[in-house]
Amino acid sequence: MSLAEQLNSDMKQAMKNKEKTRLSVIRMVKAALKNEEIKLGRALTDEDVLTVLSREMKQRKESLQEFEKAGRDDLVETLKEEISVLETYLPEQMSEDELRQLVSDTITEVGAVSKADMGKVMGAIMPKVKGKADGALVNRLVQEALSR
């Protein structure tokens, strides 16, 4: 079953079970998917769906940090619930140790030696971790590895 089909199925189930938060998140994701489909002018692949889901997750995590700083506990709770719903559709996130190993292997693979090779390394590693790791974390780990 594709991710899009899974979302449709889960949306129907959420309606039946009267799960308001889950239903709301799935509807927001489906709207974002539809917008992406219109933007690309073609049907979305599972990889495209994963990209949109990752973007939605990133937006919510950034909002969560802002709301926590502002002391908006009411909105923090809502966002945490939304994030937990989104996590069910994303692949399991890689641990920092796994990422460090992948960064090290990729640096060796592309022959990077300095920070000037950052773009080359990021270009090679991001497709490997798509949806499985936060880009900012990957960027930080690559910078650390290249500055040694």
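**Exercise 1. Start at E19 in this predicted model. Which residues does E19 contact beyond its neighbours within four places in sequence, and where does E19 lie?**

Step 1. Set aside the neighbours within four places in sequence; E19 is then in contact with Q13 and A14. The coordinates searched here come from a predicted model.

Step 2. E19 sits in the loop between α1 (3–17) and α2 (20–40).

Step 3. The relative accessible area of E19 is 32%, so E19 is partly exposed. The cut-offs that decide this are under 20% for buried and over 50% for exposed.

**Exercise 2. Describe the chain as a whole: how many helices and strands does the chain have?**

Step 1. Count the elements. There are seven helices and zero strands.

Step 2. Read the order from the N terminus: α-α-α-α-α-α-α.

Step 3. Take the extent. Along the principal axes, the C-alpha atoms fill a box of roughly 55 × 40 × 25 Å.

Step 4. Look at burial. The chain has 148 residues, and 32% of them count as buried.

Step 5. Look at contacts along the sequence. Consider those with a separation of 6 or more: 56% of them join residues 24 or more positions apart.

**Exercise 3. Work out how α1 and α2 pack. Are α1 and α2 roughly parallel or roughly antiparallel to each other?**

Step 1. Recall what is needed. A pair of packed helices is described by the angle between the axes and by the distance between them.

Step 2. Take both values. α1 and α2 pack at about 150°, and their axes are 9 Å apart.

Step 3. Classify the angle. Angles over 145 degrees count as roughly antiparallel. The helices α1 and α2 are therefore roughly antiparallel to each other.

Step 4. Note the handedness. α1 and α2 cross in a left-handed way.

Step 5. List the contact. From α1 come L7, N8, D10, M11, A14 and M15, which meet R22, L23, I26, R27, V29, K30 and L33 of α2.

Step 6. Sort the contact of α1 with α2 by class. It has eight nonpolar, one polar and four charged residues.

**Exercise 4. Turn to α6 and α7. At what angle do α6 and α7 pack?**

Step 1. Take the values. Helix α6 (residues 118–129) packs on helix α7 (residues 135–146) at about 140°, with axes 11 Å apart.

Step 2. Classify. α6 and α7 are therefore oblique to each other.

Step 3. Note the handedness. The crossing of α6 and α7 is right-handed.

Step 4. List the contact. On the α6 side are M118, V121, M122, I125, M126 and V129; on the α7 side are G135, V138, N139, V142, Q143 and L146.

Step 5. Sort the contact of α6 with α7 by class. There are nine nonpolar residues, three polar and no charged.

**Exercise 5. Examine the salt bridges. How many salt bridges does a search of the whole structure find?**

Step 1. Side chains of opposite charge can pair when their charged atoms come close.

Step 2. Take the total. The search gives 15 salt bridges.

Step 3. Look at E66 and K69. Their closest N and O atoms are 3.8 Å apart. E66 and K69 are three residues apart in helix α3 (residues 46–70), so about one helical turn separates them. E66 is partly exposed at 47%, whereas K69 counts as exposed at 68%.

Step 4. Look at R72 and D74. This salt bridge has its closest N and O atoms 3.1 Å apart. R72 is partly exposed at 38%, and D74 is partly exposed at 46%.

Step 5. Look at R100 and E144. Their side chains form a salt bridge of 3.2 Å, N to O. R100 lies in helix α5 (residues 96–110) and E144 in helix α7, so the pair ties together parts 44 residues apart in sequence. R100 is partly exposed at 33% relative accessibility, and E144 is partly exposed at 28%.

Step 6. Follow the shared partners. Salt bridges join E96, R100, R140 and E144 into one network.

Terms used
Residues numbered from 1 in each chain as written. Predicted model: local features only at pLDDT ≥ 70, side-chain atom pairs only at ≥ 80, totals over all residues. Heavy atoms only, no water. Helix = DSSP H or I, 4+ residues; strand = E, 2+ residues; numbered from the N terminus. Buried < 20%, exposed > 50% of the residue type's maximum accessible area, 1.4 Å probe, protein only. Contact = heavy atoms within 4.5 Å. Axes fitted to C-alpha atoms, helices over the stretch in contact; angles between N-to-C directions. Parallel < 35°, antiparallel > 145°, perpendicular 65-115°, else oblique. Left-handed = near helix turned anticlockwise from the far one by under 90°. Nonpolar A, V, L, I, M, F, W, Y, C, P; charged D, E, K, R; others polar. Salt bridge = Lys/Arg side-chain N within 4 Å of Asp/Glu carboxyl O.
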